[in-house]
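Hello,

Here is the structure we talked about. My notes follow below it.

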Amino acid sequence: MTTDRETGNQKAWAGNTFGNTFMLRWLIRVLRHSDVRFWYVFVALFIIPFVAHFSRSGRIIYHYFRQRQGFGPLRSLWMTYKDHVLFSQVVMDKFAMYAGRHYDVKVIGQEIFERHRDSKEPFVIFSSHIGCYELAGYTFDSGNKPFNALVYLGEKATVMENRDRMFTGNHIRMIPVRKDMSHLFRIEEALAAGEIVSLPADRLFGSPRHVTLDFLGAPANFPAGPFSVAAMRGVDCITINVMKTSCTGYTAFVHELHYDKEAPRKQQVCQLAEDYVAELERTVKRFPDQWYNYYEFWKQ
């Protein structure tokens, strides 16, 4: 494992939800008056085959199954299709929630979250772009402790408006990532006040600082920033991965991360990153078709 300030061959992710504002608002209206499962079938039959075959994301995910999961060619083709189908369902599920639909989420490790929530100390939640982490915001009750979620500012206005509407009712505040780095001050203020901070920890958002770790058998770069934020204040850390486990059901897995708070700062960052990546690898091996990083994630 190494830490560095160069991004290597892994590109910083710069994506957002597909579609313009009209399309997304139309989708919410449609899902308000129809069964989301009908759209599951429609998209799986008439849209995903073309997207998975002709798009760059299809080639990238195929290589992920062949090289990182070690699947054969035919199984990799099938899993590439399945991955895109599940991702489309996750996106539709989010918009169905914006339209008023509710999903039951089974939680494994609820006591870990509640123990940290009920303490007076702040803590950090590290998330990943697998499954449907957004459901965590609608599932976990943060009680009297504000929940601050770092989000990508480039997301569509319709998505941000609906997130804000739903998060506000759950005592959640969004902290947009900004080029002037002002979001770092808001994160620091939240931790100083004993609040919860949620940080994505598997994508480089343009920052050169990263930690290189072996992940699924090859080196990959992970952002050092989220781990540095936690180590700087010596706060407790957990991960929450919300995975789709049935046609209309999800399971949230809560895992506590461990690191030596008395160790030198760089060592703390490395320990946190290693524990986070180990849990991410366990989850991805269990749910290989819910990996939604559609770009060249591994160093070449």
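The open sheet has 7 strands in the order 2-10-9-3-6-4-5, with mixed pairing. Strands are DSSP E runs of at least two residues, helices H or I runs of at least four, both numbered from the N terminus. Two strands pair if DSSP finds at least two bridges between them. Strand 2 (105-108) and strand 5 (172-177) stand at the edges with a single partner strand each, so one side of each has no neighbour in the sheet. Strand 2 runs parallel to strand 10 (residues 250-257), joined by 4 bridges. Val107 stands opposite Ala252 in strand 10.

This is a predicted model: local features need pLDDT of at least 70, side-chain atom pairs count only at pLDDT 80 or more, and totals for chains, interfaces and linings use all residues. Residues are numbered from 1 along each chain as its sequence is written, and side-chain values use heavy atoms, without hydrogens and water.

Helix 10 (residues 225-233) lies across strand 3, strand 6 and strand 9. Its angle to strand 3 is about 165° (lines fitted to C-alpha atoms, for helices over the stretch in contact; 0 to 180 degrees between N-to-C directions). Its buried residues (under 20% relative accessible area, 1.4 Å probe, protein chains only) are Pro226, Phe227, Ser228, Val229, Ala230 and Ala231. They pack against elements including helix 9 (182-192) and helix 11 (265-286) (contact: heavy atoms within 4.5 Å). Just after helix 10, Gly234 takes a positive phi of about 65°.

Helix 9 lies across strand 3, strand 4 (147-152), strand 5 and strand 6. Helix 9 runs at about 150° to strand 5.

Best wishes

Definitions and conventions
Buried < 20%, exposed > 50% of the residue type's maximum accessible area, 1.4 Å probe, protein only.
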